[in-house]
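Open the model in your viewer and keep the selection tool handy.

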Amino acid sequence: MAIAGPEIERLIQLLARLPGLGPRSARRAALHLIRKREQLLSPLAEAMRIAEERVRACSVCGNVDSRDPCTICTDARRDQATLVVVETVGDLWALERASATRGLYHVLGGVLSPLDGVGPDDLTLDRLVERVAAGGVAEVVLAVNATVDGQTTAHYITDLLAPHAVKVTRLAHGVPVGGELDYLDDGTLSAAMRQRTAF
Ligand SMILES: [Zn+2]
């Protein structure tokens, strides 16, 4: 039995698709938004409209931003010789939040996973090799998750980059086995980056 008109039900259904929000909390969030029309609903709707219009994937690293190349790629103060390879934009943001590196990034868009049908062509591996081959990169840090697929991917990339004069390292074992970067606390993430080891 619906307790509200289709517009509100639609809002609740869409909110319920957000990570971490179930039907109950989506209902609560919808009610909160409707109550705070001026302070929250209108600005949020406007921010979402602008994000929808302007946010794109960076053609260099795969980060998402309202400019392409992204803010990180165009920041001349960053260490241009270090390329940190991550699985997802969420991992990139986790490393940034922890101020774990001053290097540039490369977002793979996932990991190799034969079971899920994810092969090398589904990731941005070609672009990674192109960036390394273009020169100027001294170290590639494989900041992939400590999962089986993550480690398989790390080995694959190490082989891909073997013909190039670049040092390949990985995060230290502060990253728990099976651990996902986005869920680590900032201190652990920073330590794992500082104590990275040769691959
Ligand atoms: Zn970028």
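Select helix α5 (residues 125-133) and helix α6 (residues 148-161): their axes come within 11 Å and cross at roughly 40°. The crossing is right-handed, the near helix being turned clockwise from the far one by less than a right angle. Now show side chains: L125, L128, V129 and V132 of α5 meet Y156, I157, L160 and L161 of α6, with contact meaning heavy atoms within 4.5 Å.

A note on what you are viewing: this is a predicted model, where local features need pLDDT of at least 70, side-chain atom pairs count only at pLDDT 80 or more, and totals for chains, interfaces and linings use all residues. Residues are numbered from 1 along each chain as its sequence is written, and side-chain values use heavy atoms, without hydrogens and water.

Next, select helix α2 (residues 23-35) and helix α3 (residues 37-54), whose axes come within 6 Å and cross at roughly 110°. The two are therefore roughly perpendicular to each other. Among the residues in contact are H32 and L33 of α2 and L40 and L44 of α3.

Last stop: strand β4 (residues 103-107). Is it buried or exposed? Five of its five residues are buried, so β4 is largely enclosed by the rest of the structure (buried is under 20% relative accessible area, with a 1.4 Å probe and protein chains only). Pick V84 to find its bridge partner in β4, Y105.

Note on methods: Buried means under 20% relative accessible area, exposed over 50%, partly exposed in between (1.4 Å probe, protein chains only). Helices (H or I, at least four residues) and strands (E, at least two) are DSSP runs, numbered from the N terminus. Two strands pair if DSSP finds at least two bridges between them. Axes are lines fitted to C-alpha atoms, for helices over the stretch in contact, and angles run from 0 to 180 degrees between N-to-C directions. Angles under 35 degrees count as roughly parallel, over 145 as roughly antiparallel, 65 to 115 as roughly perpendicular and the rest as oblique.
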